[in-house]
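Trainee: Could you take me through a close look at the aromatic pairing in this model? I would like to see where it sits and what surrounds it.

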Amino acid sequence: YGAFRGRRGGTGRATADQPDGRVPAPIREALETLELPPEASRDDVRRSYTELVRRYHPDANGGDRSAEGRLSAVVKAYKMLKTARRA
């Protein structure tokens, strides 16, 4: 998707890959899941992912599994952004 510029010479910030400047829907949705704006950097994504995993993991909630769905969405969004970054 071209969500992030390459490490060499890039800014590391999310960028639009469409001519009209919009961020593709899958990228936008993943960033929203991680509670981030479209211009988030790779470091922002990693920090938010870490914080949200800690927040929603059952071990952090005394074994309460009610947040498992949210945790799963966070992990899926992170993996998608990580994969899109390489594209």
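Mentor: Happy to. A search of the whole structure finds one aromatic pair; rings of Phe, Tyr and Trp (its six-membered ring) pair if their centres lie within 6.5 Å, and planes under 30 degrees apart count as stacked, over 60 as edge-to-face and the rest as tilted. The ring centres of Tyr49 and Tyr78 are 4.0 Å apart and their planes meet at 15 degrees, so this pair is stacked. Tyr49 belongs to helix H2 (residues 42–56) and Tyr78 to helix H3 (residues 68–86), so the pair ties together parts that are 29 residues apart in sequence.

Before going further, a word on how to read this. This is a predicted model, in which local features need pLDDT of at least 70 and side-chain atom pairs count only at pLDDT 80 or more, while totals for chains, interfaces and linings use all residues. Residues are numbered from 1 along each chain as its sequence is written, and side-chain values use heavy atoms, with hydrogens and water left out.

The protein chain has three helices and zero strands, running α-α-α from the N terminus on. Helices (H or I, at least four residues) and strands (E, at least two) are DSSP runs, numbered from the N terminus.

Now look at what surrounds the pair. Val74, in helix H3, is buried at 0% relative accessibility. Leaving aside its neighbours within four places in sequence, Val74 is in contact (heavy atoms within 4.5 Å) with Thr33, Leu34, Tyr49, Leu52, Val53 and Tyr56. Val74 and Glu32 are 42 residues apart in sequence, and their C-alpha atoms are 9.8 Å apart in space. Ser48 is found in helix H2 and is buried, at 10% relative accessibility. With neighbours within four places in sequence left aside, Ser48 is in contact with Leu34 and Leu36.

One backbone detail is worth a glance: Glu35, in the loop between H1 and H2, has a phi near 60 degrees, a positive value in a residue other than glycine. Glu35 is partly exposed, with a relative accessible area of 46%.

Finally, the confidence, given as pLDDT, the predictor's confidence in each residue from 0 to 100. The protein chain has a mean pLDDT of 80, and 72% of its residues reach 70 or more. Among its elements, H2 has the highest mean pLDDT (95) and H3 the lowest (90). Over residues 5–11 the pLDDT is below 50, and this stretch has nine contacts in the model beyond near neighbours in sequence. Where pLDDT is low, the predicted coordinates should not be read in detail.

Definitions and conventions: Buried < 20%, exposed > 50% of the residue type's maximum accessible area, 1.4 Å probe, protein only.
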